[in-house]
Structures are given as structure tokens and as C-alpha cells.
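Hi,

Here is the structure I promised to pass on. Have a look at it first, and my notes follow below.

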Amino acid sequence: GKGHSHWSYEDLKHWSTDYSDCGGTKQSPINVDTDQAIFSPDLRPIQLSGYSLPANKQLKLKNNGHTVVLDLPETLALTGGYAQQYRAVQLHLHWGSPSGPGSEHTINGRRFAAEIHVVHYNTKYDSFTEAMVHPDGLAVLGAFLEVGHGENQYYNEILKHLLEIQEVGQETLVSGFNIAGLLPANLKLYFHYNGSLTTPPCYQTVKWTIFNHTMLLSRDQMSVLVSTLRSPEDELLQNNYRPVQNLHGRRVLASFQ
Ligand SMILES: NS(=O)(=O)c1c(F)c(F)c(SCCc2ccc(C(=O)O)cc2)c(F)c1NC1CCCCCCC1
Ligand SMILES: [Zn+2]
């Protein structure tokens with residue numbers, strides 16, 4: 001497409017001049033005020049199908065200058081929790097630095113160390129690029145990452161390759177593994193709201209699911225995540241999160257009380 005005219009997390013003000021949707025009233029990320037969330041018992045558990053990939057399936061992992069992106073085959077599908085079927089496009093991460101957290105969403109004002117986003121598109125549209133301009137076009141699953149005790153073997157499948165893609169534009173291949181291992185085992189407890197891509201073009205076409213359970217990585221793993229990749233300015237790629245956006249009257253639903 002027209003590519004990504006250069007934007008950065010430093011000059012957030014200019015996003016909406018170059019991309020009008022970035023100044024819209026249904027923007028992401030947001031702060032989730034759990035007291036204001038509306039318990040919705042009809043929100044079903046999220047169901048993942050085809051997420052367990054054989055080791056002989058090779059996936060592209062890329063440093064695109066803003067994050068690390070793992071391309072996903074369309075065989076991964078969301079079959080529960082959403083009214084329509086969505087298929088996977090890619091997953092990527094947002095993180096902070098050794099001196100502070102970098103999740104995009106916050107819960108009661110708390111920012112977590114990092115956040116994973118698994119991006120899907122609605123299969124009623126012919127392609128991702130077609131889907132991403134329709135209000136029900138995209139579904140992104142988000143989970144928070146924190147430092148815990150043990151090493152997380154699933155995140156290691158990605159983190160062990162970061163040294164190979166330190167520079168912007170570098171890519172490498174990752175052997176297939178169970179992508180579901182990157183998300184909480186409990187897919188029943190989540191917040192749900194209508195929002196947007198958190199990067200230009202900021203299309204307001206995302207049905208967000210933010211899981212209540214957090215993923216735990218070791219201290220060393222989190223350190224690799226926040227201090228390996230380099231940015232277009234050839235500095236460390238850090239704090240690649242957008243500030244929280246105004247709800248403008250939107251309601252956040254909760255699948256639990
Ligand atoms: N949180 S999010 O889902 O909005 C999101 C971000 F916050 C992101 F920061 C990103 S990365 C920035 C956009 C980008 C830049 C370069 C390339 C490339 O060279 O291939 C690709 C994409 C990023 F890729 C995504 N997700 C993308 C949205 C951007 C365009 C379509 C690609 C799929 C989803
Ligand atoms: Zn994201």
C-alpha cells in the first residue's frame with residue numbers, strides 16, 4: 001500500500017494530521033476502570049482453533065521498526081466469544097524499558113510490563129486489507145506480560161530469535177509451536193470493547209479482548225524483550241506504546257464479576 005509515512009511514539013501529536021482516524025472518538029488503547037466495567041454473562045469463553053502449529057511450519061518474524069511481528073497462517077481461527085469467525089493475521093508485542101513498564105492498555109491506571117496483541121480479521125471479508133476498514137473487521141486479543149519466577153517456554157520461541165533481527169527490516173524464521181501458549185490458559189475472563197488500531201492508520205475497526213490473566217516471563221526474558229531490538233534511529237526500540245485514549249462514552253464489558 002502507500003506504506004507507513006514515518007511516524008513515531010515521540011510525535012504523537014502529528015498522527016491525526018497524517019491519519020484522520022487517529023483523532024477519532026473510538027481510539028485505543030484505553031484504561032479499563034474495573035468498577036465501571038459492565039458484567040455481561042452472555043460473553044462466551046474465547047475459543048482458539050488451529051493454534052498448535054507443527055515444528056515444520058516456518059513463521060516469519062520481523063523487526064518492522066515499531067515492534068516485533070510474527071506472521072500467522074490464516075488456519076488459526078477464533079471460533080468462540082465473537083459472533084462471527086475471525087482468522088489470524090499476525091501477533092506483535094508492546095513493551096517499556098529497564099526503567100518502566102510498556103503495556104498499551106492499563107487496568108485501574110496500572111501499566112503492565114508488556115502486552116501481546118494477536119490480530120485477526122473477520123472472514124466475511126475477502127482479505128485482511130478489506131476487513132480492516134469495516135467496524136466489525138478486526139478482532140485483537142490482548143494479554144499482559146509481567147516478570148514472574150520461571151522461564152516461559154512459549155515466549156522463548158520468539159525471544160530466542162530477537163538477536164537475529166536487531167536491525168529494522170531484518171527477518172528470520174521461527175519453527176511452529178503452540179501459539180495458544182502465548183495467551184492465558186483461562187480464556188473465560190476478559191474485558192471487551194470497541195476500539196481501534198493503536199498505530200496509524202488508527203482505523204476504528206477493532207473489537208478488543210483484553211484477558212484478565214497475565215502471562216509470566218523470567219526477569220532475563222523481559223530484559224531480552226526490552227533491550228535487544230533497534231529502532232529506525234538505530235537506538236534501542238523501547239516504550240513502543242500509545243498513551244491511553246478517551247473512552248468518549250464507550251462502555252467496557254466484562255465476562256466476569
Ligand atoms: N496494536 S496494533 O495492532 O494497532 C499495531 C501496532 F500498534 C503497531 F505498532 C504495529 S507496527 C507499525 C505498523 C507497521 C509498520 C511497518 C510494517 C511493515 O514494514 O511490514 C507493518 C506494520 C502493528 F503492525 C500493529 N498491528 C497492525 C496494524 C497496522 C497495519 C496493518 C497490519 C496488521 C495489524
Ligand atoms: Zn499492538
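Of the contacts in the protein with a separation of 6 or more, 74% join residues 24 or more positions apart; a contact means heavy atoms within 4.5 Å. Please keep in mind that this is a predicted model, where local features need pLDDT of at least 70 and side-chain atom pairs count only at pLDDT 80 or more, while totals for chains, interfaces and linings use all residues. Residues are numbered from 1 along each chain as its sequence is written, chains are lettered from A and ligands numbered from 1 in the order in which they are written, and side-chain values use heavy atoms, with hydrogens and water left out.

On overall shape, the radius of gyration is 17 Å, which agrees with the value near 18 Å that a compact globule of 257 residues would have (taken over C-alpha atoms; the rule is 2.2 Å times the number of residues to the power 0.38). Buried residues make up 50% of the 257, where buried means under 20% relative accessible area with a 1.4 Å probe, protein chains only.

The protein has four helices and 16 strands (DSSP runs: H or I of at least four residues, E of at least two, numbered from the N terminus). One open sheet of three strands runs β1-β8-β9 with mixed pairing; two strands pair if DSSP finds at least two bridges between them. Its edge strands are β1 (31–32) and β9 (110–111), each pairing on one side only. Strand β8 (residues 106–107) pairs with β9 in the antiparallel sense over two bridges, and T106 has R111 in β9 as its bridge partner.

Best wishes
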